[in-house]
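I opened the notebook to look up how this chain is put together.

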Amino acid sequence: MNNPTTILYGIPNCDTVRKARAWLGERGAAVQFHDFARQGVPLESLGRWAAQLGYDALLNRRGTTWRRLSPAEQQRASDAAGACALMQAHASLIRRPVVEWPDGRTTVGFDAQVWNERLAAGSKP
């Protein structure tokens with residue numbers, strides 16, 4: 001990939017996102033932050049993430065936002081199109097952080113071991 005920047009997507013007041021940003025900063029990674037609250041959820045990125053990871057990996061069914069949805073709204077998440085539409089409408093339904101790495105891969109959630117591997121993969125010529 002030509003762009004060596006890691007893009008981290010999330011909500012700035014999320015504890016995991018804060019931890020992830022600090023972790024990347026401590027390692028000197030070039031990181032661009034995309035704030036779902038201010039910038040929204042990029043539809044084409046969401047589709048790409050769902051294709052690469054599966055919509056179930058992205059959809060946070062444990063959070064407050066999910067519990068506040070009506071049963072009918074929750075039922076919409078039974079397939080990729082419905083789940084993506086819900087995540088587009090309610091960014092807090094997306095597990096965080098979503099990270100697009102320089103090597104073209106995407107991860108969701110924070111896992112230091114996986115992230116070390118991604119950073120190493122991104123630094124290879």
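My entries on the sheet and the cores follow.

**Ground rules.** I am working with a predicted model, where local features need pLDDT of at least 70, side-chain atom pairs count only at pLDDT 80 or more, and totals for chains, interfaces and linings use all residues. Residues are numbered from 1 along each chain as its sequence is written, and side-chain values use heavy atoms, without hydrogens and water.

**Sheet.** I looked up the strand order. The sheet is open, with four strands in the order β2-β1-β3-β4 and mixed pairing. Strands are DSSP runs (E, at least two residues), and helices are too (H or I, at least four), numbered from the N terminus. Two strands pair if DSSP finds at least two bridges between them.

Why do β2 and β4 stand at the edges? Each has a single partner strand, so one side of each is left without a neighbour in the sheet. The twist averages 20 degrees from one strand to the next.

I then checked β1 (6-10) against β3 (98-100): they pair antiparallel over three bridges. Leu-8 stands opposite Val-99 in β3.

**Cores.** A nonpolar core is a set of buried Ala, Val, Leu, Ile, Met, Phe, Trp, Tyr and Cys residues joined through side-chain atoms within 4.5 Å. Buried means under 20% relative accessible area (1.4 Å probe, protein chains only).

The largest core has 23 residues, and Phe-36, Leu-46, Leu-58 and Met-87 touch the most other members. β1, α3, α4 and α7 each give two or more residues. α7 gives the most, with four. Another core, of ten residues, lies apart and includes Trp-23 and Leu-24.

Definitions and conventions. Axes fitted to C-alpha atoms, helices over the stretch in contact; angles between N-to-C directions. Buried < 20%, exposed > 50% of the residue type's maximum accessible area, 1.4 Å probe, protein only.
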